[in-house]
Amino acid sequence: MATSRIESYLDWNATAPLRSEAAAAMSEALGRWGNPSSVHRRGRAARQIIERARETVAGLLGDVDPSGVVFVSGGTEANHLALLGAGRERVLVSAVEHDSVRHAVTAAEIIPVDHEGIVDLDALDRLLGADVRPALVSVMYANNETGVIQPIAEVATIARRHGALFHCDAVQAAGKVALEAGAMGADLVTLSAHKIGGLPGVGALVVTGGVDLAPLLRDGLETEIAARAPEAMVLGAAAPRLPNTSAIAMPGVAAETQVVALDLDGVMVSAGAACSSGKVGPSHVLAAMRVDPEIAASTIRVSLGWSSSEAEIDHFLRAWIGLYRRCRGVAEGARAA
Ligand SMILES: Cc1ncc(COP(=O)(O)O)c(C=O)c1O
C-alpha cells in the first residue's frame, strides 16, 4: 500500500516548529555578542537583549516582576530547580506530573487524582495537615497526555493555608491558554520554549514571590562530606564556583585508587586532568593554586548535570564515605602496629 505524501504534524505537545519571530530574535541576539555583566557598550547591548527577553517571558504570566525570571536549559531543568532549589523538607507532587517533576525528588509524596485526572484537593489538604515540616506542592497547569487542566487557584489556596510553597509546571499551558500569575497563585512557574515555537534547550523558572533558590545539588554534597569526613577538603571552596563542580581531596588516598574503588561501586568520577593520551597526570590547575602535591594527587572531580538526582548523590556519598572510613581504618591500624 502506498504511503501518503501528505504530512500532518499532530504532535505539538512533544515539540513545536520554530517560529520565524523566534528565529529572527535568536539571530539578532547571536549578533549582539558581549558579556552582559560588562559596562562597555557591547556589554550593555547584550544586557539589554537579556532584560528584554526577561520582560517578554514575564509578560506571558501577566503582571510579574521580570527580575524573577531565571533562564535555564528547558522545562526539565526548571522543574528540578524548583523542587530541589526551594529547599523544602517535604515535596508533594500530583500523580500525573511529567517525569521531570515525578522523578526530581526520590522521597516525593504523591497527591492522587480522580478518574478525570484532576488532583484530589481533600487529599492534598489532608497530606499537608498531617505533617508540619516546610513543604512544597507541585501541580501542573495542564497535562501533557490528556490536556486536563488542574484547579490551580484552589491548589494554591490550600498550599498557602498550610504555609507551603506552590510550584506549577505550566509547560503545556503556556501559549495555549492565557496565564495570569496572580490568579494562579503559584510561587514558582515552569516554562519551556520549544513547546511554543522557541528554541529547544531554553526554558525559564519564574519566581513570582520571595523564594530564595539554592543552586542545585553540589552544596548539599559538600556539606555531607564536611560533616562525615573531617580530613577531606574541597579545593577552591571559598571562590565563586560552577554550581555543579566539586574537587574533593581524600588525603592519603591516591585519586586513581578512589576512581577505581568508586567505579567498583558503580560511581563514575574522574581523577583530574586526563591528557590526550588518556593518562592522568598531576593537575597543572591545582599546582598553580599551590595545592600541596600530595593533596592534589588525592583529589577527584565530581561534576553533576541536569539529570543528576538526589539518589545518585546519595550513592556517591555512601561509596566515598565507605572508602574514606576503610582507608582511615587501615591507616590507624598501621600506626597502632
Ligand atoms: C508538562 C511538561 N513538563 C516539562 C516538560 C519538559 O520540558 P523540556 O522538554 O523543555 O525539558 C515537558 C516536556 O514534554 C512537559 O510536557
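In this predicted model, the ligand is surrounded by 14 residues, and the closest of them are T76, D169, Q172, S192 and K195. When the shell is sorted by class, ten of its residues are polar, two are nonpolar and two are charged. With regard to secondary structure, helix 3, which spans residues 75–85, supplies the largest share of the shell, namely three residues.

A polar backbone atom of G75 lies 2.8 Å from an oxygen atom of the ligand. For T76, the side chain is involved: one of its N or O atoms is found 2.6 Å from an oxygen atom of the ligand. In the case of D169, the ligand takes part through a nitrogen atom, which is placed 2.6 Å from an N or O atom in the side chain of D169.

A separate feature concerns the backbone at R290. The phi angle of R290 is near 55°, a positive value in a residue other than glycine. R290 is located in a loop, with helix 10 (284–288) on one side and helix 11 (293–297) on the other. The relative accessible area of R290 is 75%; because exposed residues are defined as those over 50%, R290 is classed as exposed.

Terms used:
Residues numbered from 1 in each chain as written. Predicted model: local features only at pLDDT ≥ 70, side-chain atom pairs only at ≥ 80, totals over all residues. Heavy atoms only, no water. Near = heavy atom within 4 Å. Polar contact = N/O pair within 3.5 Å; in protein donor to acceptor, adjacent residues only side chain to side chain. Helix = DSSP H or I, 4+ residues; strand = E, 2+ residues; numbered from the N terminus. Nonpolar A, V, L, I, M, F, W, Y, C, P; charged D, E, K, R; others polar. Buried < 20%, exposed > 50% of the residue type's maximum accessible area, 1.4 Å probe, protein only.
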